[in-house]
Structure formats: C-alpha cells, structure tokens
Amino acid sequence: MSPDQRHGRRVDEQLPPQQVRDDGPHGGWAADGPAGRFTDRVVRRVDRRADRAAWPTPPAAAAGRRSARPLPPVPPPRHRLVPGPDDTRSITVLPAVPRPAPEVGGREGRPGGGGGILRAAGAMAVATLVCRITGLLRTVVLTAALGVGLVADAYNTSNTLPNIVYELLLNGVLSSVVIPLLVRSQVKEPDGGVAYAQRLCTLGIVGLTGVTVLAVAGAPLLTALYGIRGDSGQVALANWLARLLLVEIAFYGIGGLATAILNSRDVYGPPAWAPVLNNVAVIATGGLFVALSHRGPLTPDTITPTEVWLLGAGTTLGIVVQSLVLLPLLRRVGVPLRLRWGLRGVGLREVGRLGLWVTVDVAATQVGVMVAINVANRAGHQDALGSYAYGIASLLFHMPYGIIGVALLTALLPRMSRAALRQDWDGVVQGFALGTRLSALGLLPITAALIVLGPSLAVVGFAHGKTSIDAAAGIGQALALGAFGLLPMAMTLLQLRVFYAMRDARTPTLVQIGMVAVRVPMLFALSAVLAPEHVLAGIMIVTSSTYVAGWTIGDVLLRRRLGPMRTRETFVMLLRIAVVSAVAGITGELVIRPVHDVVGPSRTGSLVTLLIVAVIIGGATLAGLMIARVPEIRNALAAIRVRLRRGGPDTTPGAQSLGDQSPVAAGRSVVPVSTSLTRIGKSPGDRPK
C-alpha cells in the first residue's frame, strides 16, 4: 500500500496542470503533472494521524460521537430489490474489482490508465442490455407456451427455488467477500493466488453439490413452502419440475465461482454475456414446447410427460451452458481446472464473519419473496392470476430501473465514494441530490406512461398463444396500479449506496429488514381483504408501498448521519418534474379513451394505442420539462444543438451534458467502493457515526 493510498488520494486521477488540490495539512496532487504525482517525495513519509485530524466530521455526528465502533466491511453494490419470482434467472455478473493499485508510475498510475476499466464497463453495459432484451423475449415465449394458469404457476415456483437457495447460500457472500479474498491472495501468495482459488472452488463445488442433493430430496417440502398446495395435479407437476430444476444449484455455484475468479483477474466481458446463452436456450425450449404441445387447454392433468421433461431439461440446460462456457477461460487467466483439497488458508472464519450482514440481508429479502409467491399461488388456485402473472408484472416493473437506474448509480457511486473517502460530506450530499434529480427526471415520466399504458403494453407483449387478452390486460392493470413505486425504489437503492460509500453494511441490512416488516403483514392481509381477481394488483401496490417505506426509513437514517440533505432545492425540482409528468399522464389518459374506442382492445388495436399515446406523453413531457426550466434538460438540449451545429463535441461552458457530470465522462477511471476502501487504511473511527 502506497502512502498516496493511505492518505485517500487516487493515483489515477488527472487534474489540469494549473490546479493544486489541498487534501490535508500536507497538500494534495502536484501542480506540475497528472495522475497523482506529488511535488516532493517527503509527502510519502508524513504522519497519517495528522492528516486524519484535519479531516472534517459530519455535523450530525460531531455532537454525539463518543467512541469508534468498527462496522463490517462494505459489500459491493448489488440490487437490493424485493424481487419478483422471475427477476433473477441468471448468475449475477459481479462488479469490476481491479487489483490493488501499483505505486505511482505503474500501469494504473500513468495518464489514461483507467481506459481498461472504462472499456470493460462499456462491454458490460452492452451485454446487460442484450441480456435484458433476450430475457424479455424468453418471458414472452414461455407465456405463449404455458399461459398464466396452474401449469405456469407450478413452473414459475419450481424455477424460482434453485435461485433462492443459491442466493441464500452463496451469492451474497460471493459478491461481497470472496472477490476481495481472491484479490488479496493474488497479491500475497507466491503463485498469484492460483492454489487458493482452486481450494476455494473445490470447497464451494463440493458443498453446493451436497446442498443440491438435499434440495432435490426435499423438493416436495420446498414447493409446499412456496404455496403449491391443494390441487393434487399441480402439486405432482411442481414436485416433478422442482426435482429437474433444483439441479441448477450446483451449476449456479460453478458459474458464480468462475465469474468471481475471472472478475478478480480483470476479465468481465464473457461473464456478462454468458446469461444471454441461457436466455437463448430457454427461448428455444419454449418454441419447441409450442411446436409439440396440443392445441387444447394446458392443465396439470393434460400436460404430457414429454412436455414436462422438455420444460425441465431445457430450462436446466440453459443454466448448465451459462456456467460451463466460462470454465475454459479459467486456464487462459492462469487458473487451470484442478481439485485441490484442504481447508487450511481458505479463510472460512473470515468469510463467515464478513458475510454476516449480507446473509441477513438476503435472508430478509427472501422472506418477502416467499410470502408474495404464497399469496399469488393461493389466488391462482381460485382461477385468478397467480405467481407466474406476478412474475411478469414484476419483470415489467423493474425494467425501467434496470435500464436507467443502474446506469445512473454506476456513474454516481464512484463520485460519492471518493467524497466519502475524503470525508467530504458536502460532496456526498451533492452526489445524492444529483442522483435524486436524475432519478426523478428519468422515472417519473415513465411512471406516468405505465399508469396510462400498462394494459396496452401487457396485451402487446404477452397476449399470445395460451395467454388470453383479458389475462394480459389484467397483468397490465396490476402494473399500472403499482407503477407509483418506481421512484421510491430508485431512491431507496440510492440511499443504500450512500451507506455503502461510508463503509456501512449494517444500516442497509436494517433498512431491508424494516421494509420486509412492512411488506409481510400487508401481504397476509390481501387474501382476507381482496377478492382473488384483485390479489395481483394488491401485491404490486404492496410492493410499491414497501419501497415508499424504505425511502422514508433511509431518509431518516441519512439525516441522522449527515445532517441536512439539501431537501428544499431537491424537493422543488422533484415537484416540478412530478407536475410535468402528471400533466403528461392526464393528457395521455384523455387521448387513450377515444383512440381505444376506435381501434379496439385487440393486439393490433393495443399496439396502435401504445404507439400513439406514447408519442403524445413523451412530447408533452419534453415540452413541460422545457417550460419548467429543468436544468438537466436544458443543458442536454443545448449540448445536442451545439454538436449538431458544429459536428463535434460541445465546448461551450454553459452546455454541459448530463453525461459530462459523471466521472466516466471526465476521463477518470471508476474504482468500486469496496476495493477503494480496502486499499485505503482508514480506521473505522474516521467515518461518520
């Protein structure tokens, strides 16, 4: 660890030659060179305690601080969502974790040294977009093949089980603990961490294989736990499918461990593209099922053994391909496939200690998922929309955030993390305020569009094959009623990233527990209060209300930690965007009724309605945002006009685009907070209480 890293200075950040940054009593970056070069080598021997004494303390924490209490290390940012049953059917692609930065003058210290990380981030962004598109196509094909009845509910529940078991046992610990351990072994071990990686993989594969055997044997208990009860035909079908699909647990583990090793050695593209193969395999399975299936109603009593085997084996094959395609790459990065036995040096105690809060977080999330699937399956037993329909509605609900929110957090997290490392709490608050404005700008107009166009969107996408127009419209109506939770969901996740940036993994877990405590009682009340045909809409409303509760809890905790959060100016801008979105939504609602009367409720009519009203809502939103003088929109439009006029990038001072506000656009490399905090040797007492 270099002195530059111990003082929290980024060795890969560039500043203009005329700028000098003061980062403590001993100064900051040099004024005569980029990439973190200092004017005097004496700076490398300064006393860290003097530097820390000069760092500011957040105002809300200064009065009540008595003692420094260490917290668990921060896990890399993950989607701390309350997921639907179809949200995760692929191995998590873990965040880029570069190796510890070398001394100044090394590969990552030279000017432009962050280009490799930026290229990797770009490749992963493209792969994620393709994965989401193919994932949506997969759901469309399966919905056409299975419908939304008891067979689809049995398949959805069985298909969710292996992912839940994998999440509980390994995925959280893998993303938050295992990668840092792999990186550390590469630095400390003489063989570059090869033997350590092989021992860790051997232990993980053997353990998950044992868990897989136990899960397959206990398949009836697991399906009953998630609400498959009552109908004997559905119970038998779900147990059969579960025994075929629970085999995926072992392959999830193999793929997850391979992804961790590749990411720790700066290989990100193949793990990001591997889920696309899974989606393609399931799409082919669904198409073949449609070709072989009979034309009559598909029920647990009419589905044939051949169709069950095709459905179960084809879905499992997708996970197998997704996992095994990564194994040949391990040899290319210097980790050949080899079973290496022995527990010494693996660090099981450390894995358990560091992954405690992550495991509690995942477990709390899965409790909410289990209750939601139970309630949905109970409604499905009464000839209403069940858990498969809930999975579709949840997929459509989370898609806008997956496209807009994830990209936004990817740009903001390094910015807030650097501010937290400097103890610059005003900078953290500014980053949070910017994220709030941009989240509202991207998601509130989409919320208005989903409220108006939810039924038409669902009919166009899913009213095919064995799924009727009425069933698809019911899914869209549930989506429209729950769309108000889009911005609260994004804000809750943004708040959690602020805590991660401050090396706090405990508070996000407590927020998640609070959300589950709100969600579970409301879900149990649905069956008693609502008729079965309204349960799906009720689940979506409860889910969005849970995110509102999470937003509220997170806001209270952030204020205690950081003091004032620039609420007034942020709220004024958020109110402007909300008013504009509401006006655009009302305009769309006034237009959709006569258009719908003319074109009708068919798939073609719904497509025409979707196109016409979407254009009207989009145009009204853009015009309203310009009239409301939203700075981000004005700056973006100014940049576009200048570039179109000059045929090149905008160089005018007042026309900075949204992307130019991110560290990526500024030419700085993005270092995940978990790795940065690991490299900087601050004591827990130097962060806000």
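Predicted model: local features only at pLDDT ≥ 70, side-chain atom pairs only at ≥ 80, totals over all residues.
Biologist: Which residues have the most contacts inside the largest nonpolar core?

Modeller: In soluble globular proteins, nonpolar side chains tend to be buried together. Here the largest nonpolar core comprises 63 residues, and L146, F289, I475, L523 and I539 have the most contacts inside it. Helix α15 (residues 387-421) gives the most to this core, contributing eight residues. Apart from it lies another core, of 32 residues, with L412, M416, L434 and V580 among them.

Biologist: With which residues is L146 in contact, leaving aside its neighbours within four places in sequence?

Modeller: With that exclusion, L146 touches V151, A152, Y155, F289, L298, L311 and K466.

Biologist: How should I read the packing of helices α10 and α11?

Modeller: Two packed helices are described by the angle between their axes and the distance between the axes. The axes of α10 (residues 269-292) and α11 (residues 305-324) come within 7 Å and cross at roughly 165 degrees. Because angles over 145 degrees count as roughly antiparallel, α10 is roughly antiparallel to α11. Their crossing is right-handed. Residues making the contact include A281, L288 and F289 of α10 and L311, G314 and G318 of α11. By type, the residues of this contact are twelve nonpolar, six polar and one charged.

Biologist: Where is M489 found, and is M489 buried or exposed?

Modeller: M489 belongs to helix α18 (residues 486-501). M489 has a relative accessible area of 0% and is therefore buried, the cut-off being under 20%. Its C-alpha atom is separated by 9.5 Å from that of S545, a residue 56 residues apart from M489 along the chain.

Note on methods
Residues numbered from 1 in each chain as written. Heavy atoms only, no water. Core = buried A, V, L, I, M, F, W, Y, C linked by side-chain atoms within 4.5 Å. Buried < 20%, exposed > 50% of the residue type's maximum accessible area, 1.4 Å probe, protein only. Helix = DSSP H or I, 4+ residues; strand = E, 2+ residues; numbered from the N terminus. Contact = heavy atoms within 4.5 Å. Axes fitted to C-alpha atoms, helices over the stretch in contact; angles between N-to-C directions. Parallel < 35°, antiparallel > 145°, perpendicular 65-115°, else oblique. Left-handed = near helix turned anticlockwise from the far one by under 90°. Nonpolar A, V, L, I, M, F, W, Y, C, P; charged D, E, K, R; others polar.
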